[in-house]
Amino acid sequence: MSKLTKKQKEVASKVETGKSYSLAEASALVKEITTTKFDASVDIDVRLGIDPRKSNQMVRGVVSLPNGTGKVTRVLALCTPDVAEEAKAAGADYVGLEEYIEKIKGGWTDVDVIITMPSIMGKIGALGRVLGPRGLMPNPKSGTVTNEVGKAVKEVKQGKIDFKVDKAGIVHTSIGKVSFTPEQIAENAKEFLATIVKLKPSSAKGVYIKSIYLSSTMSKGIKIDPKAAE
C-alpha cells in the first residue's frame with residue numbers, strides 16, 4: 001500500500017472520523033479537502049431505510065437545484081416539427097426526430113438527457129436496448145416525456161436532475177461543483193434532501209434516512225447529521 005503524501009495526510013486530518021457535521025460545516029469542508037486541479041463535482045449519498053426490491057418502496061424523483069449543477073448538460077429533444085423551434089429556443093443542443101432515432105439505433109448516445117413527447121414514445125420504445133443501460137430512456141416520472149417540451153428543456157438546462165434509489169438502498173447524485181460557494185452547495189443539498197423526505201414511501205417503516213455523506217470527486221466522504229434532512 002502506498003504511503004500518504006504530506007498533503008494527503010493534512011487533508012485527511014481535517015475530517016474527524018466518526019463525527020457528524022452540519023450541512024453548513026460539510027459544505028465548507030468539502031471545498032477544503034478537495035485537491036484536484038479540475039473543478040470537481042460535489043456528490044451526495046443518502047442511505048435510506050427502505051427495501052428497494054419492493055415496488056411500493058421505490059424512491060425516484062426530480063429536483064430543481066436552486067444554484068444549478070455547474071455542469072453543461074447536453075439535451076436532445078425528440079419532437080415533432082411543430083415543436084422544434086420551441087425546443088431550440090429553450091436551449092436544446094439537438095432537435096429532431098427520425099434522423100436522431102436512426103443515429104441512436106446505430107449506437108449514438110452523445111447526450112446527457114433526452115426529452116420527448118407522449119405521442120412519440122411508440123417510436124422510442126424500440127431504442128430501449130441502447131438508451132436503457134445508459135440511463136437515457138425518457139420517462140414521464142422524471143419529466144422527460146411531456147407535451148411541454150420547451151419548458152422541460154429549460155428546466156434541465158437550469159439544473160433540474162432526476163434520481164432514483166439503487167439496489168443497495170442508496171441515492172447518489174451530484175449537486176454542484178467545488179467552485180460553488182459553501183452556501184450554494186448547502187442550498188442545493190438542502191433542496192435535494194427536502195425532496196427525498198417528501199418522497200418517503202408510506203410503506204417504509206423505521207428510520208427513513210439512515211446516513212448522509214458529502215464528498216467531491218476523489219475526496220474523502222464527510223458524514224452529515226441525518227437531522228439536516230428534517
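**A walk from the pocket to the whole chain**

Let's start at the largest pocket, where four strands, β2 (60–64), β5 (113–116), β6 (160–164) and β7 (170–177), each contribute at least two residues to the lining. The model you are looking at is predicted. The space in this largest pocket amounts to about 910 Å³. Its lining is made up of 31 residues, and those closest to the centre are Asp112, Val113, Gly135, Ile161 and Asp162. If you have the structure open, these five are a handy place to begin looking.

Is Gly49 buried or exposed? Gly49 has a relative accessible area of 14%, and because buried means under 20%, it counts as buried. Setting aside residues up to four places away in sequence, Gly49 is in contact with Ala204, Lys205, Val207, Tyr208 and Lys210. Leu127, by comparison, is 78 residues from Gly49 in sequence, and their C-alpha atoms are 34 Å apart.

Now let's zoom out. The protein chain contains eight helices and nine strands, and its C-alpha atoms fill a box of roughly 55 × 45 × 35 Å along the principal axes. Among contacts with a separation of 6 or more, 72% link residues 24 or more positions apart. Of the chain's 230 residues, 46% are buried.

As for charge, the chain carries 36 positive and 26 negative side chains, with the centres of the two sets 7 Å apart.

Terms used
Residues are numbered from 1 along each chain as its sequence is written. This is a predicted model: local features need pLDDT of at least 70, side-chain atom pairs count only at pLDDT 80 or more; totals for chains, interfaces and linings use all residues. Side-chain values use heavy atoms; hydrogens and water are left out. Buried means under 20% relative accessible area, exposed over 50%, partly exposed in between (1.4 Å probe, protein chains only). Contact means heavy atoms within 4.5 Å. Lys and Arg count as positive and Asp and Glu as negative; His and the chain ends are not counted. The place of a charge is taken as NZ of Lys, CZ of Arg, CG of Asp or CD of Glu. On a 1 Å grid over the protein atoms alone, a cavity is a set of points where a 1.4 Å probe fits but cannot get out, and a pocket is an open set with protein on both sides within 12 Å along at least five of seven lines; lining residues have an atom within 4 Å of a point. Grid points are joined across faces, edges and corners, and a volume is the space filled by probe spheres set on the points.
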